[in-house]
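Here's a quick briefing to read alongside the structure. Have the viewer open and click along as you go.

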Amino acid sequence: MQLKNVIESPCGLRFMLDELELQSGFARRWLLDSPMMTSDGEIAASYAVLHRFADFIDRVDNIHINTLSNKLCGLKDIRTTIKNLKHSSVLDDIELFEVKHLAILATDVKKLLDQHQMDGVVEIPALDEVITILDPDGMKIATFYIYDSYCAQLKDLRSQMRQHPDQQDDLLLQASELEEGVRRDLSSQLAPFATAIEQAQLALARIDVCMAKAMQMRRMGLTFPDISTDGVSRYEAMFHPQVKAALATRGRAFQPVNISYGMEPTLITGANMGGKTVVLKTLTLCQLLFQFGFGIPAAQARIAVKDEIYFCIGDEQSVEKGLSSFAAEMKNIDAVIKASRMNKKLLALIDEPARTTNPTEGAALVSALLDVLAGKDMSLVMTTHYDIEPGNARCLRVKGFENGTMDYQLVEVQDGEVPHEALNIAQSLGIDSEWITLARKRLDVTAASTVDYKH
Amino acid sequence: MLPFIDEILRYDSLSIVGLEKNTGKTECLKYVLDRLPVQHKRIAVTSIGIDGETVDQVTRTQKPEIVLREGMYFGTSEMHYRQRRLVSELIDVSDETTSLGRVVTARALTTGKILLSGPSSATSLRRWMSEMHRLDIDLVIIDGALSRMSSASPAVSQSMILATGAAYSANMSTLVSKTAHVVDLVNLPLTSEDNIRRLLPLEKGVWFIDKQGNLNSLDAVTSLSKDIHFEGMENCETLYVAGALVDGFLEKVRKNRSLKQVELVVRDFTKIFVTPQQFRLFIKAGGRVRVLQRSKLIAVTVNPTSPSGYVLDSDTLCNKLSEAIQLPVYDLIKNNQ
């Protein structure tokens, strides 16, 4: 799975990508094409590199950071040219220019990083020979043409051109044959470096991405995660950057939450508007950010690596696809169950399953889902409004509505009993009082006639 | 040296705009390029719009290549770069692709011929120009096309020359009045600096600023929409049309009592597609039109010959037009002979 496949996930990954200040379009494409990491070692190695860049931007003067950023701005996508070089085609002037430009850029970036004890953090192949081939006069500037010094005859023709403009067309024709010979020569000299040039281009993209990630960490207050090996993921003061930014524009603060989950199912209950969906979104976002090597929006994070990540949320787009919301949801959860039998480490985050059907069948579906997924090699975090027997599930509850304000913290409770705060919350929203009062009366009647009604 | 060459050198950018094909825009560009002092000025040339063919597809007349002098910088498409007939050094290859490939920037190492076809969007043109100024170019020249299709506008340049002629209208008095109308539009004054700062980034839609200084979007997507309403706009001080300004819209603004005092702002003169009559009515009724970007109009050139072969009297045309617009008017083709 590549980053571009999950970018539109409703967890808000796109926001993080949009907030990433990449210098080159090529780095963005490279990043979107990068596969999700699924091994501890790979993720650890990627964070080790990012650590070096975070340290680099912290200790090095801004002038150097800006110089590096400006240089990375010049990174172009020259994959077609590299392919032509690999196939021993004769490159034209524009392609030769691209190769020279990249070689000089890579050399400059390498030099700058080496000067600041960043040598070898991202390996950039040396391309000095490439530059020598394309810079016969040793000018060290990233411009190019078929230089006079490649061919004495060409030099002669060109000086004739300047002296006899009237014969220009004829002279140009003669020169173009000589130029073509030079291009053929240069192309065959460059061909052995095709792989090194390709690696340099990828290395520069990687540096651009690492710089952008490191800057984003500092700007958004993200943290480096630890890799959990016992299957338990634990977050302290976790937040959702997009929701936080949206609240900030309205002058409100995001209340960070602490949460952990392991290999037993975790059930989150809580009042409406208690932030349960945001918790699931943030957990999904954090897991994806972790497995694509980004900073994590939390004060501290310890995360277990998964093979596959499922985020099931009531999806408004299902109507466009011609499915009812119930059908779409069932199909999504069905995919989780099927995957759970495939012997892979899963993380499934399911928001209020079966919410759109009647409470009797809905509660039955949710209880049964817990049973079906119990004991599988997976972490499951699920929110619900239904009163169900938790079985082996761990239960978390949003603290909820107290003294007119919402406390979004999660507390561990012993059973899955759901809070009955819907009417209070509706009242606080200023909803029509006749409606709410009538609803209360009905509840009272039901309570009086039902012995085992829970408070 | 004709006087306007001196004046051109006072600005960092010049666009040459033809009011119609075959009004002598290319002759004007050649004329300017031939006379600029390349020995001590760094000059860069490009073209906006994508009129790439060597033969004009519409009128079948020859579309000449431009002769660049040694040392001049130029921006053109990859395709035309490959067809160049001069020796040149590549400086940059942009990321933006036009229908003729990416835009490349190079410096002429010998005198020779090139077809120009440069950036085609407003953003890429602006980026190209600032890139040129970063390379210490003294003067950027834009071969400007007036096109509804291209968002790149010649009005981003500091100065401008308009090319008009018999191809625009073969009737002399019509030609003079139509040209005078365009000159009026080019000369429209700028709106306040505060408005420019706030409105320039808005590239589409209709917007208004109320007396409290709040910027509001009007739900109409463009001013072309038929059922545009100005309800609840008694408080409106500035009305901004980011896209094309057309007759219907201008008329609605004129007839709306609550918009009597409003300042109507358009991006630049190239976005105004109203008839001279409708425009005059609006101004007569006390309306004000302002722009976000404008160029100083230096001169107008005329080509008295139409593509069909009809020829107007050059001297009479120059005199009449000059009188109407209060600016110097030149027939470069005649002066060149």
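Where is the place of Asp77(A)? Look in the loop between H5 and helix H6 (79-86) of chain A. One thing to keep in mind throughout is that this is a predicted model.

**Around Asp77(A)**

- Is Asp77(A) buried or partly exposed? It has 17 C-beta neighbours inside 10 Å, so Asp77(A) counts as partly exposed, since a residue needs 20 or more to be called buried.
- Leaving aside residues up to four places away in sequence, Asp77(A) touches Gly25(A), Phe26(A) and Arg29(A).
- Ser24(A) is 53 residues away from Asp77(A) in sequence, yet their C-alpha atoms are 8.9 Å apart in space.

**Helices packed on H11(A)**

- Two packed helices are described by the angle between their axes and the distance between the axes.
- Start with helix H5 (residues 62-73) of chain A, which packs with helix H11 (residues 194-220) of chain A at an angle of about 135°, the axes being 10 Å apart.
- H5(A) and H11(A) are therefore oblique to each other, and their crossing is left-handed.
- On the H5(A) side the contact is made by Leu68(A), Ser69(A) and Leu72(A), and on the H11(A) side by Leu204(A), Ile207(A), Asp208(A) and Met211(A).
- Sorted by class, the contact of H5(A) with H11(A) has five nonpolar residues, one polar and one charged.
- Now turn to helix H3 (residues 25-33) of chain A: its axis and that of H11(A) come within 9 Å and cross at roughly 85°.
- That angle makes H3(A) roughly perpendicular to H11(A).
- Here H3(A) brings Phe26(A), Ala27(A), Trp30(A) and Leu31(A), while H11(A) brings Leu202(A), Ala205(A), Asp208(A) and Val209(A).
- The contact of H3(A) with H11(A) has seven nonpolar residues, no polar ones and one charged.

**Nonpolar cores**

- In soluble globular proteins, nonpolar side chains tend to be buried together.
- The largest nonpolar core has 191 residues, and the members that touch the most others are Ala106(A), Leu204(A), Cys286(A), Leu289(A), Phe74(B), Ile141(B) and Ile161(B).
- Which helix gives this core its largest share? That would be H11(A), with twelve residues.
- Not counting residues up to four places away in sequence, Ala106(A) touches Ile124(A), Leu127(A), Ala200(A) and Leu204(A).
- Another core, of seven residues, lies apart from the largest one, and among its members are Ile146(A), Met161(A), Leu172(A) and Ala175(A).

**Two loop residues with positive phi**

- Most residues other than glycine have a negative phi, and most peptide bonds are trans.
- Gln117(A) has a positive phi, near 55°, and is found in the loop between helix H7 (93-115) and helix H8 (128-134) of chain A.
- With 13 other C-beta atoms within 10 Å, Gln117(A) is partly exposed.
- Glu352(A) also has a positive phi, near 40°, and is found in the loop between strand E7 (346-351) and helix H15 (359-373) of chain A.
- Glu352(A) has 21 C-beta neighbours inside 10 Å, so this residue counts as buried.

**Chain B on its own**

- Chain B has ten helices and 18 strands.
- Of its 337 residues, 42% are buried.
- Among chain B contacts with a separation of 6 or more, 76% join residues 24 or more positions apart.
- Helix H5 (residues 172-186) of chain B and helix H9 (residues 314-325) of chain B have axes that come within 10 Å and cross at roughly 35°, and this crossing is right-handed.
- H5(B) contributes Met172(B), Val176(B), Thr179(B), Ala180(B) and Val183(B), facing Leu317(B), Lys320(B), Leu321(B), Ala324(B) and Ile325(B) of H9(B).
- That contact of H5(B) with H9(B) divides into eight nonpolar residues, one polar and one charged.

**Where chain B touches chain A**

- How many residues of chain B are in contact with chain A? There are 16, and they contact 17 residues of chain A.
- Helix H3 (78-82) and strand E5 (88-98) of chain B are the elements that give two or more residues to this side.
- E5(B) supplies the largest share, six residues.
- By class, the chain B side has seven nonpolar, four polar and five charged residues.

Terms used. Residues numbered from 1 in each chain as written. Chains lettered and ligands numbered in written order. Predicted model: local features only at pLDDT ≥ 70, side-chain atom pairs only at ≥ 80, totals over all residues. Contact = placed C-beta atoms within 7 Å. Helix = DSSP H or I, 4+ residues; strand = E, 2+ residues; numbered from the N terminus. Nonpolar A, V, L, I, M, F, W, Y, C, P; charged D, E, K, R; others polar. Axes fitted to C-alpha atoms, helices over the stretch in contact; angles between N-to-C directions. Parallel < 35°, antiparallel > 145°, perpendicular 65-115°, else oblique. Left-handed = near helix turned anticlockwise from the far one by under 90°. Core = buried A, V, L, I, M, F, W, Y, C linked by C-beta atoms within 7 Å. Buried ≥ 20, exposed ≤ 12 C-beta atoms within 10 Å, placed from the backbone.
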